[in-house]
Amino acid sequence: MRMLLFFILCTATSAFVVQPRQGFHSSSSALLAVDASRIKKAGGGIPVVDSGSLFFDPSVEGKIGDTFVRIQQGRNYLPAQATVSIPDGVELQDAQHWLEDIGLPTNFAKPTQPVTATVLGRVKLIENEAPGDIQHVVLQLPEGMHYVEGQSLSVIPPGKTVDGKPHKPRLYSIASTRYGDLLDGTTVSLCVRRAEYFDPVTGLADPDRAGVCSNFLCDLHPGDQVKVAGPVGKTMLLPEDPTKDIIMVATGTGIAPFRAFLHRLFMENTVARHMFSAKAWLVLGVPVTAGLLYSDELKVMQENAHGRLEVTYAISREMHNANGGKLYVQDVLAQRVDELLHRLDAGAIIYFCGLKGMMPGILEALEQVAVERGIDWSARMKELKANHQWHVEVY
């Protein structure tokens, strides 16, 4: 039988020789381009801009070292060297781990006392042919601010309301793992749709009725500063049991927490990824193919998953349900309800994220197919919620 040894050197600090990193020049103001291929190899897939701070090489520095020291020193941490002996017959597996024991971070900063994050990069996620505008925004967080997958971040837009009061914070689901797209544990990524209002008569956008915070985020440039608070949230977390299937249902930018989930389970070289032995199913609803989000990343994740990740798209304006109407996420679930119920009976965890308008249609469709099978859907829902198998985050 093949044995696996996770290479986690947390406590044997005497075995480490800390050496200065060669060729590193600290610069808090420089915004240097990061090679896009390096980001993709690291599992991020989104080319962004480095802040000039210490950039961890995910193949080396991000995976070994003392957890407490890394968190304490943050971007000033210097990579260490260590020598270990490997027993015969044991396969060595590197495992990035230094943010695995941070628990559930909450309210590093409150909305009344926000902290400042710095923009590292922004990129449009959808093609020009798709309606609207959706941006992937990467922010450098203040030292010591951490989060875990499934949590949310508050953004306080600048300026004041017409009444002269500060704008209220807007909550955004985090789209990156605790290590961030740069894998150095100091960044957070958001998936933001620009909220626009179009006059029904003229068909033109009315800037006076545009979303204040979303437009602010979608127009940011590297180096800009953003007031943030949080993190918050404890209901949309990955299950502690790595043998439980996870089912993720998203519409549009609701994919954000699930991108974080899937990077953790199928991209990053962590113990969580090595231990996850179940299957994952993502159902994503978008209006057109040109509006698919993170599709390139999802393809790579599926390759890494070796059959344990299924991605199903419901492209409403291009696909049709059994009745010939537009295909929505609830139609996908209804079409495969027997499989869905079987997985839930086996302990699978299901998550929903997106606009609040998605849930009535989903609940109606599931109730209908459940009744057809003689199932009391109301009672089944209560059971799923009581077992922590049903999680909803809508906005």
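Biologist: Which residues lie nearest the centre of the second largest pocket?
Modeller: R178, L237, L238, P239 and E240, out of 25 lining residues. A pocket here is an open set of points on a 1 Å grid over the protein atoms alone, where a 1.4 Å probe fits, with protein on both sides within 12 Å along at least five of seven lines; lining residues have an atom within 4 Å of a point.
Biologist: Is this predicted or experimental, and how are residues numbered?
Modeller: It is a predicted model: local features need pLDDT of at least 70, side-chain atom pairs count only at pLDDT 80 or more, and totals for chains, interfaces and linings use all residues. Residues are numbered from 1 along each chain as its sequence is written, and side-chain values use heavy atoms, with hydrogens and water left out.
Biologist: How much space lies in that second largest pocket?
Modeller: About 660 Å³. The volume is the space filled by probe spheres set on the points, which are joined across faces, edges and corners.
Biologist: And the largest pocket? How much space there?
Modeller: About 880 Å³. Its lining has 33 residues, with R193, T251, T253, L355 and Y395 closest to the centre.
Biologist: Which element gives the most to that lining?
Modeller: β10, with four residues. Strands are DSSP runs of E, at least two residues, numbered from the N terminus.
Biologist: New topic. How much of the protein is buried?
Modeller: 49% of the 395 residues, where buried means under 20% relative accessible area with a 1.4 Å probe, protein chains only.

How values were computed
Buried means under 20% relative accessible area, exposed over 50%, partly exposed in between (1.4 Å probe, protein chains only).
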